[in-house]
Amino acid sequence: MPKKRDITKTYPIKSFTSKIRRLADGLENKEQFTIQIAGERIRVPKGAKVNIEHERTKDGEEIEFQIVWKNLK
């Protein structure tokens, strides 16, 4: 089982948009997608679920693009 990990990584806009474009292409083509986040390569399977979360508080707002899948045992 992979070790537990919970990080947030900030990227320059150009790097972020490049990652999002490759992700969109992979999703459209129903292909596996590989992304590197904070030095670790992660393989997202073609059947992963995608959702968008919006949160509003008195201090600000947040949008999260989430990709969720179960690990094979």
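**Entry 1: lysine 19.** I looked up the contacts of lysine 19, skipping residues up to four places away in sequence, and found that it touches Tyr11, Phe33, Ile35 and Gln36. Contact means heavy atoms within 4.5 Å. I work from a predicted model, where local features need pLDDT of at least 70, side-chain atom pairs count only at pLDDT 80 or more, and totals for chains, interfaces and linings use all residues. Residues are numbered from 1 along each chain as its sequence is written, and side-chain values use heavy atoms, with hydrogens and water left out.

Lysine 19 sits in helix H1. Helices are DSSP runs of H or I with at least four residues, strands are E runs of at least two, and both are numbered from the N terminus.

**Entry 2: charge.** Which side chain of opposite charge is nearest to lysine 19? I found glutamate 40, 13 Å away. Lysine 19 is buried and has no salt bridge. Buried is under 20% relative accessible area, exposed over 50%, and partly exposed in between (1.4 Å probe, protein chains only). A salt bridge needs a side-chain nitrogen of Lys or Arg within 4 Å of a carboxyl oxygen of Asp or Glu.

**Entry 3: the faces of H1.** I noted Lys19, Leu23 and Gly26 as buried in H1. Down the axis of H1, the buried residues fall within an arc of 60°, so they line one face. The arc uses directions from the helix axis to the C-beta atoms. These buried residues pack against strand E1 (33–37) and strand E4 (61–68). On the other side of H1, I found Ile13, Lys14, Arg21 and Glu28 exposed.

Note on methods:
Lys and Arg count as positive and Asp and Glu as negative; His and the chain ends are not counted.
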